[in-house]
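Thanks for coming, everyone. Please bring up the sequence and the model, and we will walk through them together.

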Amino acid sequence: MNILNLPQLDDTPAEVDEKLSAEFQRFKIIWENLSSKYNAIIVQNNFDAPCTQPEGNLDSFLPQSLSRFVARLNEKFADYATSHAGFYLNDINRLAAEVGLSRWHNRAQYHAYKFAMDYDIFPAVAKNLKRVICAALGRVKKCLVLDLDNTLWGGVIGEDGVAGISLGNETAEGEAYTEFQKYVKRLKNRGIILAVCSKNDEDVAKSGFSHPDSVLTLEDFAIFLANWEPKNLNVAKISRELNIGLDSLVFLDDSPAEREIVRKNLPEVAVPEIDSADVFSYIRALEAEGYFDTLAISADDKRRGDFYRENQNRIAARENFIVVGGD
């Protein structure tokens, strides 16, 4: 671990604070020197949790413990990132938790080669770093295109009706779909454009959002296409109407056949592979590629979906407006 000022068990809390400040200042000087000299984007790894826990469960809250010290140092890194443009974190701490510390740490490799983590973990670290760099360069997706039946709710709205679809806390399946809708809502609230692409009658499709446990509303979607056209044509139409590239879209559908049709006909569109029997695989698939990673969220970002929806409403109103004139 690249920390020089480690706390000791006989340190006072004040001495631990001094070491924490000294350690943070050491990194801060490095960052500021790099910024001054190169005027470049800086990506800093935060710290993974220690591989040992000599103080046992006390490690989680004892001021002198290494785990507590690392957590506080990571917080200081995060605070610095929020107030300094061009400085970003590669979240090694989260990645190590996802992998599992027992797999992450390989002490034999560390003592032999000074590898910070197990050799097999290197690709995951590189992929995570790529996500940060792509986000810094603005190479991220802008719009999530969603199917409805067995994607945003369980069941088929045209057959089961509003009362028959699975949403809410009455069943495990309903809870899973509700959890996914909450996730999608958070994407929308930070600026990801939402669109619907469903093979259905429009009025029937829209009725699903009148379910009392629906987290999403019709107003959350910038474009709502429910018809019987091939989905690749509708996805292309969404791209045109939003005036964004096909490479800005992510298409999520529980049907393997529909996913393959879009992949084949619109190779620019990202189509993650999901397990329709596991709703939580939808979230894992979206997060695995970091499609919507961003390094900052502005007030304009939060209103982006509303802006596109309002613009679509203006276009529709203009198309329906008839000018009557006379000689």
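**Helix α11 and its neighbours**

Let's start with helix α11: its buried residues pack against β4, α10 (231-242) and β6. Quick ground rules. This is a predicted model, where local features need pLDDT of at least 70, side-chain atom pairs count only at pLDDT 80 or more, and totals for chains, interfaces and linings use all residues. Residues are numbered from 1 along each chain as its sequence is written, and side-chain values use heavy atoms, with hydrogens and water left out.

Now the terms. Helices (H or I, at least four residues) and strands (E, at least two) are DSSP runs, numbered from the N terminus. Buried means under 20% relative accessible area, exposed means over 50%, and partly exposed is in between, with a 1.4 Å probe and protein chains only. Contact means heavy atoms within 4.5 Å.

So which residues of α11 are buried? They are Glu 258, Arg 259 and Val 262. Seen down the axis of α11, they fall within an arc of 100°, so they line one face of the helix. That arc is taken over the directions from the helix axis to the C-beta atoms. The face turned away from the buried side carries the exposed residues Pro 256 and Lys 264.

**Salt bridges**

Stay with Arg 259. Its side chain meets that of Glu 273 in a salt bridge, 2.8 Å from N to O. The pair links distant parts of the chain: Glu 273 sits in the loop between α11 (256-265) and α12 (280-288), Arg 259 sits in helix α11, and they are 14 residues apart. Buried or exposed? Glu 273 counts as exposed, at 52% relative accessibility. Arg 259 is buried, with a relative accessible area of 1%. Salt bridges that share partners join Arg 259, Glu 260, Arg 263 and Glu 273 into one network.

For the record, a salt bridge here is a side-chain nitrogen of Lys or Arg within 4 Å of a carboxyl oxygen of Asp or Glu. How many does a search of the whole structure find? The count is 17.

Another one joins the side chains of Lys 185 and Asp 220, at 2.8 Å from N to O. Lys 185 lies in helix α8 (residues 172-189) and Asp 220 in the loop between α9 (202-207) and β5 (223-227), so the pair ties together parts that are 35 residues apart in sequence. Asp 220 counts as buried, at 5% relative accessibility.

Then there is Arg 94 with Glu 98, at 3.0 Å from N to O. Both lie in helix α3 (residues 92-99), four residues apart, about one turn of the helix. Arg 94 is partly exposed at 47% relative accessible area. Glu 98 is exposed at 51%.

**The nonpolar cores**

A nonpolar core is a set of buried Ala, Val, Leu, Ile, Met, Phe, Trp, Tyr and Cys residues joined through side-chain atoms within 4.5 Å. The largest has 34 residues, and Leu 144, Leu 152, Phe 180 and Leu 286 touch the most other members. Elements giving two or more residues to this core are β3 (143-146), α8, β4 (193-199), β5, β6 (249-252) and α12. The largest share, six residues, comes from α8.

Look at Leu 152. Setting aside residues up to four places away in sequence, Leu 152 touches residues including Tyr 177, Phe 180, Val 184 and Phe 221.

**Helix α6**

Next, helix α6 (residues 122-136). Its 15 residues reach 21 Å from first C-alpha to last, close to the 21 Å expected at 1.5 Å a residue. That expected span is 1.5 Å times one less than the number of residues. The buried residues of α6 are Val 125, Asn 128, Val 132 and Ala 135. Seen down the axis of α6, they fall within an arc of 90°, so they line one face of the helix. Turned away from that side are the exposed residues Pro 123 and Lys 130. The buried residues of α6 pack against β1 (42-45), β2 (87-90), α3 and α4 (101-104). After α6 comes Gly 138, whose phi is positive, near 80°.

**Gln 64**

Last stop. Gln 64 lies in the loop between β1 and α2 (66-83). Gln 64 is buried, with a relative accessible area of 13%. Its side chain reaches the backbone oxygen of Asp 11 at 2.8 Å. Gln 64 also touches other residues, among them Pro 7, Leu 9 and Val 16.

Terms used
A polar contact is a pair of N or O atoms within 3.5 Å; within protein, one must be able to donate a hydrogen and the other to accept it, and residues adjacent in sequence count only if both atoms are side-chain atoms.
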